[in-house]
2 protein chains.
Amino acid sequence: LLEHDEQGLREFSDALIPAVAAEVLEGLDPRQTWEVLSYSSPQRQAEIFSYLSIPAQVAIVDTIEPERLSRVIEEMSADDRVDLLERMDPEHVEQLLRYVAQAERADIRKLLSYPEQSAGSIMTTEYASLPSDITVHEALERLRLQAPTRETIYYIYITDESRHLIGFLTLRQLIQAKPSAKVGDIMQREVIAVRVDDDQEFVANEIARYSFIAIPVVDNQHRLVGIITHDDAAEVLQEEATEDAYLAGGVQPLDDGYVNTPFFELTWKRGMWLVILLGAASLTAQVLQYFEHGDGGNWMILFLPMVLASGGNAGSQSATLVIRALALDETRGRVRWIAWREARVGAVLGLVLAALSFTVARMMVDGQAAVVVSLTVLMVVAIGTLAGAMLPLALKRLGMDPAFMSNPLIAALSDMLGVVIYYNAARHLIGLF
Amino acid sequence: LLEHDEQGLREFSDALIPAVAAEVLEGLDPRQTWEVLSYSSPQRQAEIFSYLSIPAQVAIVDTIEPERLSRVIEEMSADDRVDLLERMDPEHVEQLLRYVAQAERADIRKLLSYPEQSAGSIMTTEYASLPSDITVHEALERLRLQAPTRETIYYIYITDESRHLIGFLTLRQLIQAKPSAKVGDIMQREVIAVRVDDDQEFVANEIARYSFIAIPVVDNQHRLVGIITHDDAAEVLQEEATEDAYLAGGVQPLDDGYVNTPFFELTWKRGMWLVILLGAASLTAQVLQYFEHGDGGNWMILFLPMVLASGGNAGSQSATLVIRALALDETRGRVRWIAWREARVGAVLGLVLAALSFTVARMMVDGQAAVVVSLTVLMVVAIGTLAGAMLPLALKRLGMDPAFMSNPLIAALSDMLGVVIYYNAARHLIGLF
């Protein structure tokens with residue numbers, strides 16, 4: 001690269017598979033990346049460019065003059081370019097759009113107008129569609145013409161003159177059909193579609209459920225406005241899984257992944273949760289102050305971390321299970337069924353852990369004290385299990401993200417409850433206070 | 001159903017999209033499900049059957065005589081039936097295979113022989129392939145014949161006479177090419193393929209990375225042995241995300257999801273972790289016993305839960321981030337880079353939390369005690385952050401699953417460390433002991 005070997009650079013971009021070329025380029029700085037790309041055709045540039053990570057794309061567009069950039073934007077697929085423009089400075093986008101051809105500009109503005117996380121925001125307008133009154137032979141001819149500019153031609157959507165979605169056909173069905181048959185006669189009339197304002201996670205789950213390559217997106221008059229392809233759906237599911245994992249670990253979700261998030265943002269998104277959790281823990285300290293007057297047996301402090309951890313762990317487990325079941329759409333609103341099940345699991349786990357903690361405590365302290373420890377463990381585990389399952393369901397009912405009930409938050413709540421139970425058990429069982 | 005409305009039942013199975021029919025049937029018991037299915041053709045039966053969950057499939061096959069079941073098995077796609085057979089009682093499988101046609105039987109035995117979690121275990125042998133020396137016109141004719149029995153015909157693999165994978169072509173390229181062109185001249189020669197013994201998570205990430213509809217699987221002589229399609233890859237990624245979420249929450253992964261796992265298994269897979277964590281917590285009790293002689297200030301107990309929770313939370317955060325980055329293959333072995341980054345994040349977070357906890361403690365106790373609390377928080381947060389990131393990387397280096405270092409386990413380790421730091425800080429700072 002340093003020697004500006006033009007011939008070599010052109011070969012690099014043209015010979016490699018775009019995804020592989022993009023990976024090599026991720027190692028370079030933005031200017032160098034663009035320099036390498038500038039040796040190939042706009043189509044090729046757009047293709048490789050789309051495979052770069054969004055932060056890398058944003059860094060590069062800042063170094064290119066709008067006029068050259070607009071050629072790349074025009075060649076990018078409709079959904080990829082909107083993903084990029086959404087992350088760019090709005091002023092920069094306006095400046096850029098002036099150089100973009102009229103048709104593409106209208107399409108971009110339309111897609112940019114859909115709310116984040118909606119089907120509209122991840123769909124592409126480059127779908128293959130045909131009328132119903134032509135023959136299979138004609139259909140194949142038209143598809144050949146459509147092919148170069150469509151995201152996929154394997155799923156073909158049949159629309160009437162006002163773009164209403166009236167049928168569906170796969171390319172497999174089309175090439176197996178008699179050339180003289182009418183499209184309208186061989187198409188499937190029952191088409192599974194999503195609405196442009198459906199949530200992207202719902203859409204991604206639908207595609208996974210039916211093993212589709214793509215799903216059509218319609219407006220509220222059932223007119224076809226776009227499609228969402230399997231690869232974008234898989235990406236949504238991965239993003240949602242990552243977001244849930246982050247929340248479970250008590251980290252505010254990162255938009256660009258661990259590696260690409262800048263230091264300050266990374267620290268802030270962790271720090272804010274740690275501060276909230278510290279606040280919750282300081283309440284536990286105050287509850288402890290209320291109960292603890294130094295006249296409680298010295299033995300109580302020994303088992304405090306164990307008692308509190310047991311409740312937190314049990315709660316984290318059931319929250320994890322319920323949050324994941326909600327993400328995979330397994331529960332179908334069976335709230336009572338879950339509550340009853342968790343109550344029973346909690347009872348069994350509580351009894352087992354109580355027995356074990358009695359044994360552990362008895363090795364270090366007298367029988368009465370061991371009874372207090374084991375009874376507290378029984379209660380915090382049973383209550384923690386049930387509450388850990390119910391809290392995410394309650395958040396969902398309130399229209400919030402159930403994953404928000406993170407493991408550390410449950411542990412914090414359980415700590416407070418645990419202190420109250422522990423000291424009350426001691427007071428009532430051996431009259432310590 | 002109770003009235004054995006034969007006509008209605010046949011219409012039910014034939015009219016609905018298979019995935020939808022399967023969902024309706026999931027609500028019935030195994031005998032009823034089979035009764036409904038028995039009214040339609042074996043092809044249709046196999047299609048709907050494949051969309052049922054594996055536990056439901058297993059329950060149904062136990063109620064059908066092997067001869068009738070063998071017809072369904074023959075009609076199922078190669079990968080779906082192997083998923084089912086892997087979960088059935090081996091004796092039952094042997095009995096069943098006697099009724100299955102010779103060709104299918106050989107294929108099944110072959111696929112069953114690949115190790116779990118390998119590419120071979122999730123691939124299907126029903127791929128579309130062509131020789132390189134035919135014309136595009138001939139190729140389309142042959143594809144028409146192959147279409148009914150192939151998982152996909154959109155990706156076509158070109159093989160030589162000994163089945164070596166020598167090229168690749170999409171159906172889109174094929175229908176755009178001149179009918180008289182030779183397949184060998186228009187095919188891509190550089191084919192991205194995976195090995196039959198590659199890990200399924202690696203394969204799924206490859207498919208996602210290239211946005212493929214399918215990826216070819218080759219043996220160690222580069223002969224084509226199968227393909228893995230995008231929907232199966234997406235399922236693998238979802239399963240791996242679920243497994244990681246479970247481990248993070250301290251639950252041993254469930255094979256059948258939360259809803260389908262029986263009560264006993266669910267309780268056992270949670271109980272075993274709670275017991276391990278209780279064991280770890282009992283060590284903390286012993287460490288506490290070593291330090292705590294009742295002569296420590298009574299104030300120390302107040303902040304114990306807060307100090308311990310801070311270290312655990314900080315550790316859970318960095319473990320979560322690193323485990324997810326490893327799953328998404330973001331880190332590319334940059335261990336030092338991660339360590340240095342986490343050391344800095346830990347220092348910043350430790351200082352912020354130390355300042356806040358000093359303020360909190362100072363409201364309840366004297367200045368010296370508050371210094372002990374805040375200094376301990378500084379240390380447990382800084383060390384917890386670094387250790388939380390390094391432990392999963394160490395597990396990975398040892399060839400173990402990094403997700404095994406779950407949040408509760410990190411919290412347990414951090415509790416022990418926290419006690420040691422807390423009491424040592426008190427001893428050295430205000431000479432309490």
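Student: How do you know that H20 of chain A spans what a helix of 31 residues should span?
Tutor: This is a predicted model, and in it helix H20 of chain A covers residues 367-397.

Student: What makes A:Asp366 a cap of H20(A), and at which end does it sit?
Tutor: A:Asp366 caps the N-terminal end, where one of its side-chain oxygens lies 3.2 Å from the backbone nitrogen of A:Gln368. H20(A) is followed by A:Gly399, whose phi is positive, near 80°.

Student: Why is A:Ser357 called buried?
Tutor: Buried means under 20% relative accessible area, and A:Ser357 has 0%, so the residue counts as buried. A:Ser357 lies in helix H19 of chain A, residues 335-364, and its side chain reaches the backbone oxygen of A:Ala354 at 3.1 Å.

Student: Why is A:Phe12 called partly exposed?
Tutor: The partly exposed class lies between the buried limit of 20% and the exposed limit of 50%, and A:Phe12 has a relative accessible area of 22%, so it belongs in that class. A:Phe12 is found in helix H1 of chain A, residues 6-15. A:Phe12 and A:Asn407 are 395 residues apart in sequence and 48 Å apart in space, C-alpha to C-alpha.

Student: What makes the phi of A:Arg163 worth a remark?
Tutor: Most residues other than glycine have a negative phi. A:Arg163 is not a glycine, yet its phi is positive, about 70°. A:Arg163 is found in the loop between strand S2 (155-159) and strand S3 (165-170) of chain A, and with a relative accessible area of 40% it is partly exposed.

Student: Where does A:His222 lie, and why is A:His222 called partly exposed?
Tutor: A:His222 lies in the loop between strand S5 (214-218) and strand S6 (224-229) of chain A. Its relative accessible area is 36%, which falls between 20% and 50%, so A:His222 is partly exposed. Its phi is near 60°, a positive value in a residue other than glycine.

Student: How do you know that both chains line the largest cavity?
Tutor: Helices H17 (263-291), H18 (299-327) and H21 (407-430) of chain A, together with H17, H18 and H21 of chain B, each supply at least two residues of the lining. H18(A) gives the most, with 9 residues. The largest cavity has a volume of about 480 Å³ and is lined by 33 residues, with A:Ala309, A:Asn313, A:Ala411, B:Ala411 and B:Asp415 nearest its centre. By class, the lining has 22 nonpolar, 9 polar and 2 charged residues.

Student: What makes up the lining of the second largest cavity?
Tutor: Helix H15 (230-248) and H18 of chain A, together with H15 (230-248) and H18 of chain B, each supply at least two residues of that lining. The second largest cavity has a volume of about 250 Å³, and its lining has 10 nonpolar, 5 polar and 4 charged residues.

How values were computed: Residues are numbered from 1 along each chain as its sequence is written. Chains are lettered from A and ligands numbered from 1 in the order in which they are written. Side-chain values use heavy atoms; hydrogens and water are left out. On a 1 Å grid over the protein atoms alone, a cavity is a set of points where a 1.4 Å probe fits but cannot get out, and a pocket is an open set with protein on both sides within 12 Å along at least five of seven lines; lining residues have an atom within 4 Å of a point. Grid points are joined across faces, edges and corners, and a volume is the space filled by probe spheres set on the points. Helices (H or I, at least four residues) and strands (E, at least two) are DSSP runs, numbered from the N terminus. Ala, Val, Leu, Ile, Met, Phe, Trp, Tyr, Cys and Pro count as nonpolar, Asp, Glu, Lys and Arg as charged, and the others, Gly among them, as polar. The expected span of a helix is 1.5 Å times one less than its number of residues. A polar contact is a pair of N or O atoms within 3.5 Å; within protein, one must be able to donate a hydrogen and the other to accept it, and residues adjacent in sequence count only if both atoms are side-chain atoms. Buried means under 20% relative accessible area, exposed over 50%, partly exposed in between (1.4 Å probe, protein chains only).
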